[in-house]
Amino acid sequence: MNKSAAMIGAGLIGRAWAMVFARAGWTVRLYDSHPAQLANARDYIAASLAEQETAGLCDAAAAAEARIEYVSSLDDAVAGAVWVHEQLPEQLALKRDVFAQLDRIAGDDAILASSTSAIPASKFTENLTGRARCLVAHPVNPPHLIPVVELCGAPWTARATVERAHAIMTDVGQVPIVVRRELDGFILNRLQGALLTEAMRLVGEGYVSPEDLDKTIKDGLGLRWSFMGPFETIDLNAPGGVVDYCERYGEVYYEMAQTQLPRRWDEALVRRIERERRQRLPASELDARSAWRDRRLIELIAHKRRTRDSD
């Protein structure tokens, strides 16, 4: 199989995808119209791949780095690529424009994917000649360390496109899931949004502090969720499995849901949480803390790979 990919946009997501494909043996052309963005991406990628090699997540950092070419021409980026992945700002008009260009210049065998977090593919591919080869491949940030990717086609996306995308994502070491029909926010963001909305309500109505809310996840739910999902969790949380759990607690959760009314993230609440967060982490230390997060993710992924045979 031709293993050539084009990444459109060299921001945090684009450079991460470039690493995913390059460390899996693909050649990658990373495109951006801003030279400074490409230079920043080059430096970031070199440092990150070296760190990943140390942790065992990348076999040969120098070889992976050499497989990435940095280009400022969209035509050069797309030429010969079988996987073309857009990661530009969440602006519908921008995505319509770039997908129209990609559909004109990409080879007939190329899949056109978008990393959009919330815009369904049908909104920017409907009028394309090659719309059957277009889909969303939504990652989690940062995708070079968090492997799940949501594949969601438009109503006209060919089944073969989704199947090829699934095979390619698996080949580069990601964990693809298929979203069977379009919905705003896809799967992960809807789950995350439900939790965040309830977290905002609990803090906003004075039930818990932001710090203690975070502890509830990182030292509670998050420990299990790092290696199993919610359905497996409940399957193991009652002697008789899922049916037993739902018989025991289904009504309790239903009653709780009656009080979990949607709450807007109003400015006063957001600023209050911001103040408490800045007391714990000054704005000047955000970048350093993000780097700390990435190191912890590297350690977690390395651990999960070492124990993969027991899954």
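The structure is a predicted model, in which local features need pLDDT of at least 70 and side-chain atom pairs count only at pLDDT 80 or more, while totals for chains, interfaces and linings use all residues. Residues are numbered from 1 along each chain as its sequence is written, and side-chain values use heavy atoms, with hydrogens and water left out.

**Asp32**

- Asp32 is found in the loop that joins β2 (27-31) to α2 (35-55); helices (H or I, at least four residues) and strands (E, at least two) are DSSP runs, numbered from the N terminus.
- Asp32 is buried but forms no salt bridge. Buried means under 20% relative accessible area, exposed over 50%, and partly exposed in between (1.4 Å probe, protein chains only). A salt bridge requires a side-chain nitrogen of Lys or Arg within 4 Å of a carboxyl oxygen of Asp or Glu.
- The nearest side chain of opposite charge to Asp32 belongs to Arg15, 7.3 Å away; Lys and Arg count as positive and Asp and Glu as negative, whereas His and the chain ends are not counted.
- A polar atom of the Asp32 side chain lies 2.9 Å from the backbone nitrogen of Ala10.
- Residues up to four places away in sequence aside, Asp32 touches Gly9, Ala10, Gly11, Gln37, Leu38, Val71 and Ser72, where contact means heavy atoms within 4.5 Å.

**Arg96**

- Arg96 belongs to helix α5 (residues 92-105).
- Arg96 counts as partly exposed because its relative accessibility is 46%.
- Beyond its neighbours within four places in sequence, Arg96 is in contact with Lys123 and Phe124.
- From the backbone oxygen of Lys123 to a polar atom of the Arg96 side chain, the distance is 2.8 Å.
- Arg96 and Glu126 are 30 residues apart along the chain, and their C-alpha atoms are separated by 9.3 Å.

**Met1**

- Met1 lies in the segment before β1 (4-8).
- Met1 is classed as exposed because its relative accessible area is 68%.
- Not counting residues up to four places away in sequence, Met1 touches Trp26 and Asp171.
- A distance of 25 Å separates the C-alpha atoms of Met1 and Ile146, which are 145 residues apart along the chain.

**Helices α8 and α9**

- Two packed helices are described by the angle between their axes and the distance between the axes.
- Helix α8 (residues 188-204) packs against helix α9 (residues 210-225) at an angle of about 145°, with the axes 10 Å apart. Axes are lines fitted to C-alpha atoms, for helices over the stretch in contact, and angles run from 0 to 180 degrees between N-to-C directions.
- Leu195, Ala199, Leu202 and Val203 of α8 meet Pro210, Leu213, Ile217 and Trp225 of α9.

Notes: A polar contact is a pair of N or O atoms within 3.5 Å; within protein, one must be able to donate a hydrogen and the other to accept it, and residues adjacent in sequence count only if both atoms are side-chain atoms.
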